[in-house]
Amino acid sequence: HASGISCVLIHGAVAVTGSRDRSCRIWHTTGGVKRVLPHPRRVTALSMHRNLQILVTGSADSMTRLWNAESGELMHVLHLPREGDCWPLADQVVSVAVSGEHVAYSSSSGIVQVWNRRTHRSCTLTKGEYGPLGSHLSLAMRENLLVAGFKAGFAKAWDVKALFSPFLLAT
(Lines give C-alpha, C1' and ligand atoms only; values in the text may rest on other atoms or scores of the structure.)
Protein backbone atom coordinates (compact mmCIF):
# COMPACT_ATOMS: atom_id res chain seq x y z
CA HIS A 1 0.00 0.00 0.00
CA ALA A 2 1.08 3.56 -0.66
CA SER A 3 -0.49 4.82 2.58
CA GLY A 4 -1.43 3.56 6.03
CA ILE A 5 -3.49 0.41 6.51
CA SER A 6 -6.85 1.12 8.15
CA CYS A 7 -8.30 -2.41 8.48
CA VAL A 8 -7.22 -6.05 8.19
CA LEU A 9 -8.72 -9.50 8.31
CA ILE A 10 -7.48 -13.04 7.93
CA HIS A 11 -9.63 -15.96 6.88
CA GLY A 12 -8.03 -19.32 6.18
CA ALA A 13 -5.09 -18.82 3.81
CA VAL A 14 -6.37 -15.38 2.75
CA ALA A 15 -5.47 -12.06 4.33
CA VAL A 16 -7.10 -8.77 3.31
CA THR A 17 -5.89 -5.22 3.96
CA GLY A 18 -7.74 -1.96 3.43
CA SER A 19 -5.91 1.31 3.20
CA ARG A 20 -6.04 5.08 3.14
CA ASP A 21 -4.52 4.76 -0.35
CA ARG A 22 -8.02 3.92 -1.66
CA SER A 23 -7.36 0.26 -2.22
CA CYS A 24 -8.05 -3.11 -0.74
CA ARG A 25 -5.57 -5.92 -1.26
CA ILE A 26 -6.29 -9.62 -1.12
CA TRP A 27 -3.19 -11.58 -0.15
CA HIS A 28 -2.57 -15.28 -0.28
CA THR A 29 -0.64 -16.02 2.90
CA THR A 30 1.70 -18.35 1.02
CA GLY A 31 2.60 -16.03 -1.82
CA GLY A 32 1.93 -12.31 -2.00
CA VAL A 33 -0.77 -10.09 -3.45
CA LYS A 34 -3.54 -11.91 -5.25
CA ARG A 35 -5.83 -8.96 -6.13
CA VAL A 36 -5.91 -5.16 -5.76
CA LEU A 37 -9.42 -3.71 -5.55
CA PRO A 38 -9.66 0.06 -6.20
CA HIS A 39 -11.99 2.34 -4.21
CA PRO A 40 -12.80 6.05 -4.73
CA ARG A 41 -11.97 6.88 -1.07
CA ARG A 42 -10.16 5.15 1.79
CA VAL A 43 -11.21 1.64 2.80
CA THR A 44 -12.60 1.63 6.35
CA ALA A 45 -14.03 -1.87 6.96
CA LEU A 46 -13.70 -5.48 5.78
CA SER A 47 -15.59 -8.76 6.13
CA MET A 48 -15.20 -12.09 4.35
CA HIS A 49 -17.93 -14.67 3.87
CA ARG A 50 -17.00 -18.03 5.37
CA ASN A 51 -16.94 -19.59 1.87
CA LEU A 52 -14.06 -17.20 0.99
CA GLN A 53 -15.84 -16.21 -2.22
CA ILE A 54 -17.41 -12.92 -1.10
CA LEU A 55 -15.48 -9.98 0.28
CA VAL A 56 -17.39 -6.99 1.67
CA THR A 57 -15.64 -3.62 1.95
CA GLY A 58 -16.82 -0.36 3.47
CA SER A 59 -15.31 2.99 2.61
CA ALA A 60 -15.28 6.68 3.38
CA ASP A 61 -17.53 7.36 0.36
CA SER A 62 -20.61 6.05 2.28
CA MET A 63 -20.70 2.88 0.20
CA THR A 64 -20.40 -0.83 0.88
CA ARG A 65 -19.10 -3.03 -1.92
CA LEU A 66 -19.46 -6.77 -2.48
CA TRP A 67 -16.62 -8.37 -4.43
CA ASN A 68 -15.95 -11.79 -5.86
CA ALA A 69 -12.80 -12.45 -3.83
CA GLU A 70 -11.40 -14.89 -6.40
CA SER A 71 -11.86 -12.85 -9.59
CA GLY A 72 -11.88 -9.32 -8.12
CA GLU A 73 -15.20 -8.60 -9.86
CA LEU A 74 -17.36 -5.92 -8.23
CA MET A 75 -20.70 -7.67 -7.66
CA HIS A 76 -22.83 -5.00 -5.97
CA VAL A 77 -22.65 -1.53 -4.40
CA LEU A 78 -24.80 -0.59 -1.40
CA HIS A 79 -25.37 3.02 -0.32
CA LEU A 80 -26.12 4.41 3.10
CA PRO A 81 -29.69 5.79 3.20
CA ARG A 82 -30.32 9.19 1.64
CA GLU A 83 -31.18 12.32 3.55
CA GLY A 84 -33.75 13.95 1.29
CA ASP A 85 -32.27 14.17 -2.19
CA CYS A 86 -28.63 13.81 -1.21
CA TRP A 87 -26.27 11.19 0.15
CA PRO A 88 -24.83 11.91 3.62
CA LEU A 89 -21.41 13.04 2.37
CA ALA A 90 -19.88 13.35 5.84
CA ASP A 91 -21.00 9.83 6.80
CA GLN A 92 -18.77 6.85 6.14
CA VAL A 93 -19.15 3.12 6.45
CA VAL A 94 -17.36 2.08 9.64
CA SER A 95 -18.26 -1.58 10.02
CA VAL A 96 -19.40 -4.42 7.76
CA ALA A 97 -20.38 -8.05 8.33
CA VAL A 98 -21.48 -10.89 6.05
CA SER A 99 -23.06 -14.22 6.91
CA GLY A 100 -25.26 -16.52 4.86
CA GLU A 101 -27.35 -14.41 2.52
CA HIS A 102 -27.14 -11.18 4.59
CA VAL A 103 -24.74 -8.24 4.53
CA ALA A 104 -24.81 -5.69 7.36
CA TYR A 105 -23.16 -2.30 7.31
CA SER A 106 -23.08 0.69 9.64
CA SER A 107 -22.16 4.34 9.41
CA SER A 108 -20.18 6.71 11.59
CA SER A 109 -23.48 8.35 12.63
CA GLY A 110 -24.98 5.06 13.89
CA ILE A 111 -27.07 3.95 10.92
CA VAL A 112 -27.26 0.14 10.71
CA GLN A 113 -28.62 -1.54 7.58
CA VAL A 114 -28.93 -5.14 6.48
CA TRP A 115 -29.22 -6.29 2.87
CA ASN A 116 -30.34 -9.67 1.57
CA ARG A 117 -28.09 -10.90 -1.25
CA ARG A 118 -30.79 -13.22 -2.61
CA THR A 119 -33.78 -10.82 -2.67
CA HIS A 120 -31.77 -7.57 -3.01
CA ARG A 121 -33.95 -6.03 -0.28
CA SER A 122 -32.49 -3.81 2.41
CA CYS A 123 -33.79 -2.77 5.80
CA THR A 124 -32.63 0.10 8.00
CA LEU A 125 -32.37 -1.22 11.57
CA THR A 126 -31.30 2.05 13.22
CA LYS A 127 -31.20 5.60 11.89
CA GLY A 128 -28.64 6.87 14.38
CA GLU A 129 -31.06 7.15 17.31
CA TYR A 130 -28.68 5.11 19.53
CA GLY A 131 -25.68 7.26 18.65
CA PRO A 132 -22.51 6.15 16.90
CA LEU A 133 -21.16 2.62 16.98
CA GLY A 134 -18.16 1.87 19.15
CA SER A 135 -15.54 1.19 16.45
CA HIS A 136 -14.90 -0.49 13.13
CA LEU A 137 -15.39 -3.84 14.90
CA SER A 138 -18.83 -2.95 16.24
CA LEU A 139 -20.85 -5.27 13.96
CA ALA A 140 -20.80 -9.05 14.14
CA MET A 141 -23.01 -11.55 12.38
CA ARG A 142 -23.37 -15.30 12.64
CA GLU A 143 -26.09 -17.09 10.69
CA ASN A 144 -29.20 -14.92 11.26
CA LEU A 145 -28.02 -13.02 14.35
CA LEU A 146 -26.60 -9.51 13.97
CA VAL A 147 -25.12 -7.66 16.95
CA ALA A 148 -24.17 -3.96 16.98
CA GLY A 149 -22.20 -2.35 19.81
CA PHE A 150 -22.71 1.36 20.48
CA LYS A 151 -20.44 3.96 22.13
CA ALA A 152 -23.18 4.61 24.69
CA GLY A 153 -22.23 1.30 26.33
CA PHE A 154 -24.87 -1.13 25.12
CA ALA A 155 -25.42 -3.55 22.27
CA LYS A 156 -28.50 -4.45 20.25
CA ALA A 157 -29.13 -7.72 18.48
CA TRP A 158 -31.46 -8.58 15.62
CA ASP A 159 -32.68 -11.78 14.09
CA VAL A 160 -32.26 -10.67 10.47
CA LYS A 161 -34.51 -13.41 9.12
CA ALA A 162 -37.50 -12.90 11.43
CA LEU A 163 -38.75 -9.53 10.20
CA PHE A 164 -35.57 -7.81 11.42
CA SER A 165 -37.06 -7.41 14.91
CA PRO A 166 -34.59 -5.89 17.41
CA PHE A 167 -34.00 -6.89 20.99
CA LEU A 168 -31.71 -5.45 23.65
CA LEU A 169 -28.63 -7.56 24.24
CA ALA A 170 -26.93 -5.65 27.04
CA THR A 171 -27.35 -2.47 29.04
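This is a predicted model: local features need pLDDT of at least 70, side-chain atom pairs count only at pLDDT 80 or more; totals for chains, interfaces and linings use all residues.

Which residue forms a salt bridge with Glu 70, and how far apart are the closest N and O atoms?

Modeller: The partner of Glu 70 is Lys 34, and their closest N and O atoms are 3.4 Å apart. Glu 70 sits in the loop between strand S7 (63-68) and strand S8 (74-79), while Lys 34 belongs to strand S4 (residues 32-38), so the pair ties together parts that are 36 residues apart in sequence. Lys 34 has a relative accessibility of 28% and therefore counts as partly exposed, since that category lies between 20% and 50%.

This pair belongs to a set, as the structure holds four salt bridges. Another of them joins Glu 143 to Arg 50, with 3.3 Å between the closest N and O atoms. Here distant parts of the chain are linked: Glu 143 is in the loop between S13 and S14, and Arg 50 is in the loop between strand S5 (43-48) and strand S6 (54-59), 93 residues apart. Glu 143 counts as partly exposed at 44% relative accessibility, whereas Arg 50, at 52%, counts as exposed.

Asp 61 and Arg 65 also meet through their side chains in a salt bridge, at 2.7 Å from N to O.

Technical notes:
Residues are numbered from 1 along each chain as its sequence is written. Side-chain values use heavy atoms; hydrogens and water are left out. Helices (H or I, at least four residues) and strands (E, at least two) are DSSP runs, numbered from the N terminus. Buried means under 20% relative accessible area, exposed over 50%, partly exposed in between (1.4 Å probe, protein chains only).
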